[in-house]
Amino acid sequence: MKPLPLKEASPGDHASATDEGANTGAGAGEGAFADAGRWTPALSRSVMLRHDRVRGTDLLLMPERVVVLRGSAGAILRLCDGRREVAAIVAELAERFPGASVATEVPEFLGRMREEGWIR
């Protein structure tokens, strides 16, 4: 399961730069994720998750910003409804994707999304 690569685009730019190197260090998201077990992540108020049928991918829409989600990032963020704790999200994804390393990848991914301010 590789949900982490993101691609950011300005609203009118369809050939956008890739953000793959941002915040991908070994310690990324660790500090923001100390309360992972009790945290119930939800999209920030100014962020909308949408599926682009033309591109066949999920997008995060924000004022003056678009982030193209790759892999299973959209599936992870759809579970961030403010009611499920991270442990429940990880358990559901582990059921959907047997054998994937969701126990470590998903909390790190959510931590980075929280650091960006895209989820709360």
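The accessible surface of this protein comes to about 6600 Å², with 50% of it belonging to carbon and sulfur atoms (areas come from the Shrake-Rupley method with a 1.4 Å probe, and for residues only the protein chains shown count as cover). Keep in mind that this is a predicted model, where local features need pLDDT of at least 70 and side-chain atom pairs count only at pLDDT 80 or more, while totals for chains, interfaces and linings use all residues. Numbering runs from 1 along each chain as its sequence is written, and side-chain values use heavy atoms, with hydrogens and water left out.

Now the overall layout. The protein has 3 helices and 4 strands (DSSP runs numbered from the N terminus: helices are H or I with at least four residues, strands are E with at least two). Along the sequence they come as β-β-β-β-α-α-α. Of the 120 residues, 39% count as buried (under 20% relative accessible area; exposed is over 50%, partly exposed in between, using a 1.4 Å probe and protein chains only). Among contacts with a separation of 6 or more, 62% link residues 24 or more positions apart (contact means heavy atoms within 4.5 Å).

Next, the core. The largest nonpolar core holds 24 residues, and Leu 60, Leu 77, Val 106 and Leu 110 touch the most other members (such a core is a set of buried Ala, Val, Leu, Ile, Met, Phe, Trp, Tyr and Cys residues joined through side-chain atoms within 4.5 Å). Strands E3 and E4 (65-69) and helices H1 (73-78), H2 (86-96) and H3 (102-116) each give two or more residues to this core. H3 gives the most, with 5 residues. Asp 58 counts as buried because its relative accessible area is 12%. Its side chain makes these polar contacts (pairs of N or O atoms within 3.5 Å; within protein, one must be able to donate a hydrogen and the other to accept it, and residues adjacent in sequence count only if both atoms are side-chain atoms):

| Side chain | Partner side chain | Distance |
|---|---|---|
| Asp 58 | His 51 | 3.0 Å |
| Asp 58 | Arg 78 | 2.7 Å |

Setting aside neighbours within four places in sequence, Asp 58 is also in contact with residues including Leu 49, Val 68, Gly 74 and Ala 75.

Finally, Ala 91 is found in helix H2. Ala 91 counts as partly exposed because its relative accessibility is 44%. Ala 91 and Ala 103 are 12 residues apart in sequence, with their C-alpha atoms 8.1 Å apart in space.
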